[in-house]
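Hi,

Here's the structure I promised to pass on.

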Amino acid sequence: MSLIVGLTGGIGSGKTTVADLFAERGAALVDTDAIAHELTGPQGAAMATIAAAFGAAVLRPDGGLDRAAMRAVVFSDRAARTRLEAILHPLIRQQSEARCEAATNAPYVLLVVPLLVETGSYRERADRVLVVDCDESVQISRVMARSGLAAEDVKAIMATQASRADRRAVADDMVLNEGGLEALMPQVESLHQRYLDLARAKPHAGR
Ligand code: ADP
């Protein structure tokens with residue numbers, strides 16, 4: 001198995017932006033959010049079970065998951081949230097594991113897990129944890145600009161996630177993303193070189 005770097009960070013920290021910069025340099029990306037979207041899209045592998053558990057009210061006409069309807073259900077019903085997670089989490093874990101194993105052509109894998117700090121099992125699977133870090137006020141303004149949400153809504157989402165301090169406490173490596181893209185490049189470049197070295201040193205790595 002190749003070297004696996006778990007990448008995480010709060011909403012709006014810049015995970016996707018940073019992951020893309022590593023991918024440009026040759027890292028394989030395995031993104032658990034993207035996998036969750038595939039599983040719940042039209043003909044997604046989770047949809048038959050979700051439909052059986054929650055009924056047609058959470059389906060879109062194309063058979064994919066109606067996210068707004070599903071959010072409304074789990075928002076007010078903790079048991080429903082647990083049921084949904086019990087369907088999705090094992091499938092996401094399976095898919096991400098298979099994709100990490102299949103990525104033998106890349107020198108290392110960047111496993112993007114937004115809630116890596118909150119869910120211990122991904123932390124165990126990663127050889128290293130890379131945290132995209134930024135001030136909480138920067139997160140808020142980025143998400144407001146991207147989604148049109150109000151500051152209060154963004155803060156409510158952030159309150160359900162690990163704190164900046166929690167993430168920093170588990171980080172092996174960190175990218176500080178408070179400036180523009182120019183400030184990111186040298187940080188990504190130097191970590192990429194480090195990961196190439198570590199990948200070469202890892203026993204039984206793909207190459
Ligand atoms: P995440 O995946 O962690 O939610 P994104 O990578 O999607 O975060 O970034 C959130 C928003 O902020 C996006 O619109 C992105 O284009 C912007 N952004 C992130 N980092 C930077 C940066 N260094 N310079 C300019 N814009 C950025």
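Predicted model: local features only at pLDDT ≥ 70, side-chain atom pairs only at ≥ 80, totals over all residues.

Residues are numbered from 1 along each chain as its sequence is written, and side-chain values use heavy atoms, with hydrogens and water left out.

So, who sits around the ligand? There are 14 residues around it, and K15, T16, T17, R146 and N177 come nearest (a residue is near if one of its heavy atoms lies within 4 Å). Sorted by class, that shell has nine polar, three charged and two nonpolar residues (Ala, Val, Leu, Ile, Met, Phe, Trp, Tyr, Cys and Pro count as nonpolar, Asp, Glu, Lys and Arg as charged, and the others, Gly among them, as polar).

Now some polar contacts, meaning pairs of N or O atoms within 3.5 Å. A polar backbone atom of G12 is 2.9 Å from a ligand oxygen, and a backbone N or O atom of S13 lies 3.4 Å from an oxygen of the ligand. R146 uses its side chain: an N or O atom there is 2.9 Å from a ligand oxygen. On its own the ligand exposes 560 Å², and the protein buries 72% of that (areas by the Shrake-Rupley method with a 1.4 Å probe).

On to the domains, whose bounds come from an automatic or database assignment. Domain 1 covers 1-27 + 107-207 and domain 2 covers 32-105; their C-alpha centres lie 23 Å apart. In contact (heavy atoms within 4.5 Å) are 13 residues of domain 1 and eleven of domain 2. The buried area, which is the accessible area (1.4 Å probe) that both parts lose on being put together, summed over both, is about 970 Å², with 55% from carbon and sulfur atoms. On the domain 1 side, M1, Y122 and R125 lose the most area, together 41% of what that side buries.

Cheers

How values were computed: Polar contact = N/O pair within 3.5 Å; in protein donor to acceptor, adjacent residues only side chain to side chain. Buried area = accessible area lost by both parts, 1.4 Å probe.
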